[in-house]
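Subject: Structure handover

Hello,

Here is the structure I promised to pass on. Please open it first, then read my notes below.

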Amino acid sequence: MNETSCYLCGQRNFFLLHNKGRNNKKVENFVCNNCGFVMVLPRPNTEFFDEQYKDSQFSKEARGSQRPDKKKLEQTDKRAEQRFEYIAEHDSNWLYEIEKSSPKQFLEVGCGTGSFLRLMKAVGWDAEGIEPDGDYTASVEEDF
């Protein structure tokens with residue numbers, strides 16, 4: 001990890017935010033102490049992502065469907081609230097210190113249904129998301 005630099009600012013000073021991912025798999029999420037960028041380390045290679053997202057395979061396997069239903073949307077909202085509360089407990093200054101003249105920007109890569117983005121917007125962040133599974137995103141956009 002000492003050899004890895006922040007993808008946003010280039011610094012090498014991180015703290016471990018959380019070490020569990022979906023289905024309790026070990027996934028280490030680090031926060032850059034300089035700019036606040038949150039990233040997974042070690043970073044999977046491009047081939048991993050290409051394989052995961054071809055033909056909506058990720059959504060079929062990890063999410064259980066190519067199109068979220070009402071139950072799935074409720075589930076993602078609940079998980080987003082849990083993530084938000086976890087971050088608020090561990091670093092509420094970072095989360096809520098927003099200057100009125102220039103809101104902090106937030107980009108979530110792999111935003112799924114956008115549940116976490118809505119929470120970040122609710123507390124004043126300029127939040128945007130990217131979801132690599134185009135079919136999943138299209139179905140969410142149709143419903144909203």
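Start at Pro-42. Pro-42 sits in the loop that links strand E3 (38-40) to helix H1 (46-53). The peptide bond from Leu-41 to Pro-42 is cis, and its omega is near -5°. Helices (H or I, at least four residues) and strands (E, at least two) are DSSP runs, numbered from the N terminus.

Some ground rules. This is a predicted model, where local features need pLDDT of at least 70, side-chain atom pairs count only at pLDDT 80 or more, and totals for chains, interfaces and linings use all residues. Residues are numbered from 1 along each chain as its sequence is written, and side-chain values use heavy atoms, with hydrogens and water left out.

Now the overall layout. The chain has five helices and five strands. From the N terminus, their order is β-β-β-α-α-α-β-α-β-α. The chain has 144 residues, and 31% of them count as buried. Buried means under 20% relative accessible area, exposed over 50%, and partly exposed in between (1.4 Å probe, protein chains only).

The largest nonpolar core has 12 residues, among them Leu-17, Phe-84, Phe-116 and Trp-125. Such a core is a set of buried Ala, Val, Leu, Ile, Met, Phe, Trp, Tyr and Cys residues joined through side-chain atoms within 4.5 Å. Helix H3 (70-96) and H4 are the elements that give two or more residues to this core. Another core, of six residues, lies apart from it; Cys-6, Phe-14, Cys-32 and Leu-41 are among its members.

Leu-17 has contacts (heavy atoms within 4.5 Å). Leaving out residues up to four places away in sequence, Leu-17 touches Asn-29, Phe-30, Val-31, Val-38, Tyr-86 and Ile-87.

Which residues of helix H4 (residues 115-122) are buried? They are Ser-115, Phe-116, Leu-117 and Met-120. Just after H4, Gly-124 takes a positive phi of about 105°.

The chain exposes about 9800 Å², of which carbon and sulfur atoms supply 46%. Accessible areas come from the Shrake-Rupley method with a 1.4 Å probe; for residues, only the protein chains shown count as cover. Ile-130 lies in strand E5 (residues 126-130). Why does Ile-130 count as partly exposed? Because its relative accessibility is 44%.

Best wishes
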